[in-house]
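Hi,

Here is the structure I said I would pass along.

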Amino acid sequence: QEQRVESGENPAQAGGSLRLSCTASDYYAIGWFRQAPGSQREGISCLDLTSGYTYYTDSVKGRFTSIRDNGKKTIYLEMNDLRPEDTGTYFCATDSWRAGDECRMSGDWGQGTQVTVSS
């Protein structure tokens, strides 16, 4: 799958916005993960297979939105009100799902996109 920064300035200023995209043939259950410097990769958005809704981790809830474009087989991550702690490498992943309070994946990783937010 292919990841891109669709809009917004990167590096970004705190309070700014970015839009990432992930295009894949198997796009239905694409989730978003990020890895901050010196930290483990964490899931931030994925599909809740029970409800059909998108799950967001508390750190991004209300600020980030996952948007689906079925025609383009693309999932977008709309990131608003960015904070310095959002800095990290963002990965999309196929075959991801919500498991309790975390996201898991069993498919393929995107190539990763570095996002930097300055205060």
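Below is what turned up, going from the disulfides to the cores and then to the salt bridges.

One thing to keep in mind as you read: this is a predicted model.

**Disulfides**

A search of the whole structure finds 2 disulfides. Counting the bonded cysteines along the chain, they follow the pattern 1-3, 2-4.

Cys-22 and Cys-92 make up one of these links, with their sulfur atoms 2.1 Å apart. This pair joins distant parts of the chain, since Cys-22 sits in strand 3 and Cys-92 in strand 9, 70 residues apart. The link is right-handed, with 65° about the S-S bond. Is Cys-22 buried or exposed? Its relative accessibility is 0%, so Cys-22 counts as buried. Cys-92 is buried too, with a relative accessible area of 0%.

Cys-46 is joined to Cys-103 by a disulfide, again with 2.1 Å from S to S. Here the link is left-handed, with -80° about the S-S bond. Because Cys-46 lies in strand 5 (residues 42–47) and Cys-103 in strand 11 (residues 102–105), the pair ties together parts that are 57 residues apart in sequence. Cys-46 has a relative accessible area of 1% and is buried. Cys-103, at 8% relative accessibility, counts as buried as well.

**Cores**

In soluble globular proteins, nonpolar side chains tend to be buried together. In this model, the largest nonpolar core has 20 residues. Those with the most contacts inside this core are Trp-32, Phe-64, Leu-77, Met-79 and Tyr-90. The elements that give two or more residues to it are strand 3 (18–23), strand 8 and strand 9. Another core, of 5 residues, lies apart from the largest one, and among its members are Phe-33, Cys-46, Tyr-55 and Cys-103.

Ser-66 is worth a click while you are looking around. Ser-66 is found in strand 7 (residues 64–69). Its relative accessibility is 18%, and buried means under 20%, so Ser-66 counts as buried. What does Ser-66 contact, leaving aside its neighbours within four places in sequence? The list is Trp-32, Ser-45, Thr-54, Tyr-56, Ile-75 and Tyr-76.

**Salt bridges**

How many salt bridges does the structure hold? There are 8.

One of them pairs Arg-34 with Asp-86, whose closest N and O atoms are 2.9 Å apart. The two come from distant parts of the chain: Arg-34 is in strand 4 (residues 31–35), while Asp-86 is in the loop between strand 8 (74–79) and strand 9 (88–93), 52 residues away. Both Arg-34 and Asp-86 are buried. They also belong to a network of salt bridges that links Arg-34, Glu-42, Arg-63 and Asp-86.

Another salt bridge brings together the side chains of Arg-104 and Glu-102, at 2.9 Å from N to O. Arg-104 counts as partly exposed at 44% relative accessibility, and Glu-102 is partly exposed at 38%.

Glu-6 and Arg-4 form a salt bridge too, with 4.0 Å between the closest N and O atoms. Glu-6 counts as partly exposed, at 35% relative accessibility. Arg-4 is partly exposed as well, at 46%.

Cheers

Notes:
Residues numbered from 1 in each chain as written. Predicted model: local features only at pLDDT ≥ 70, side-chain atom pairs only at ≥ 80, totals over all residues. Heavy atoms only, no water. Buried < 20%, exposed > 50% of the residue type's maximum accessible area, 1.4 Å probe, protein only. Helix = DSSP H or I, 4+ residues; strand = E, 2+ residues; numbered from the N terminus. Contact = heavy atoms within 4.5 Å. Core = buried A, V, L, I, M, F, W, Y, C linked by side-chain atoms within 4.5 Å. Disulfide = S-S within 2.5 Å.
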